Amino acid sequence: MRVVEVTAYGGPEVLNMARRPEPEAGDVPGKVRVRLKAAGVAVADMRIRAGYYAEELEPLRPPFVLGTDFAGRLLDPAPGPTGTLPAGTRVAGFVPWFTERTGEGTYAEVIRVDPEWLAPIADEVDFTQAASVPLAAATAQQGLGVLDLPAGATLLVTGASGVVGRFAVQFASAAGLEVVAVAHEGDESELKVLGAKHCVTRGEPADVLAQLLALVPDRVDGVFDGALVGDPVLPAAKDGGAFVALAKDRTPAPERDIRVETVFGRPDPAELAAIFQKVADRELITRVADVMPLEEAAEAHRRAEAGRRPGRIVLMI
Ligand SMILES: NC(=O)c1ccc[n+]([C@@H]2O[C@H](COP(=O)([O-])OP(=O)(O)OC[C@H]3O[C@@H](n4cnc5c(N)ncnc54)[C@H](OP(=O)(O)O)[C@@H]3O)[C@@H](O)[C@H]2O)c1
């Protein structure tokens, strides 16, 4: 089968098309095979490729197959959240790289996954849309769960123009939070449609804070740091508030009784099923920036790293 391997840690040029034997039914107990139709290009993929997590992923070393998010069809029956999913079921999900370290990523025609990493997708959701959702939406939902703010509380979402940020804005607003979105200029109307009450323009943290304080003088109850700003945005939270970071090295030291936590998205099949149902019902909007063939994975990474992509780049397999 065709796969995209990381041949050595480095830039997009280290991504190489290769052929590997297709996994066989039952060759790893407990795992099921999925024939992939699409794989999202997650920020984590680029960081893994660049070697940013080389130590954390030890003993895994290149060459390995990259890729986190996936959508496709089950090749084997799998236990699902509400009963057995027969072979042929359309599914999507994500590979939890940091607990698995198998190097069997989703830039491949067939993958072996734990049934806990996926959920069925409705016929209305196409594979490219589905592959743009899993890790980002699960992380947004779980981050908000950790913040645990009551309806009516105020929340600042940094990186609200990004994939995780857009989902965080939508989940938070559906939960009754008053969302202030830190967004690119020009994205304000879209973010308001997605549920933001106010938008402030991204820029230097001091400017962002000044814009925020003009809108919410008492500071916000919670911060969802989707842009990994870290320390400089902690002053946005009120004393005794809550702050969710998405990376260890961008987790501020707590101060003023602010509860600071780091969240790493983990697959939860029931949660994924509910998320995909919201996408099918158009209650959760996802945005695909580009659809590119698997063979162009290196170019997809170049584009994603050039920044300012309105949505997820998805590889068609
Ligand atoms: N902990 C986890 O489990 C987990 C899971 C998923 C993602 N993440 C992390 O979460 C982050 C967001 O992921 P994503 O998929 O949403 O990426 P994305 O689509 O690239 O979004 C990131 C957004 O943040 C913006 N941004 C970057 N630096 C900023 C700054 N200093 N101030 C304001 N905005 C800024 C970016 O703007 P530009 O495009 O202009 O740079 C972009 O709109 C990534 O760093 C990713 O690694 C963590």
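Contact here means heavy atoms within 4.5 Å. By that rule, 10 residues of domain 1 are in contact with 12 residues of domain 2. This is a predicted model, in which local features need pLDDT of at least 70, side-chain atom pairs count only at pLDDT 80 or more, and totals for chains, interfaces and linings use all residues. Residues are numbered from 1 along each chain as its sequence is written, and side-chain values use heavy atoms, with hydrogens and water left out.

**Domains and their interface**

The bounds come from an automatic or database domain assignment. Domain 1 is 2-132 + 287-316, and domain 2 is 136-262. Their C-alpha centres lie 28 Å apart. About 820 Å² is buried between them, with 42% from carbon and sulfur atoms. Buried area is the accessible area (1.4 Å probe) that two parts lose on being put together, summed over both. On the domain 1 side, Arg-287, Arg-308 and Arg-312 lose the most area to domain 2, together 51% of what that side buries.

One salt bridge crosses the interface (a side-chain nitrogen of Lys or Arg within 4 Å of a carboxyl oxygen of Asp or Glu). The side chains of Arg-287 and Glu-190 meet in a salt bridge at 2.5 Å, N to O.

**Nonpolar cores**

A nonpolar core joins buried Ala, Val, Leu, Ile, Met, Phe, Trp, Tyr and Cys residues through side-chain atoms within 4.5 Å. Buried means under 20% relative accessible area (1.4 Å probe, protein chains only).

| Core | Size | Residues, among them |
|---|---|---|
| Largest | 51 residues | Phe-167, Val-169, Leu-191, Phe-224 |
| Second, separate | 43 residues | Val-4, Val-6, Leu-85, Ile-317 |

In the largest core, the four listed residues touch the most other members.

Conventions: Buried < 20%, exposed > 50% of the residue type's maximum accessible area, 1.4 Å probe, protein only.
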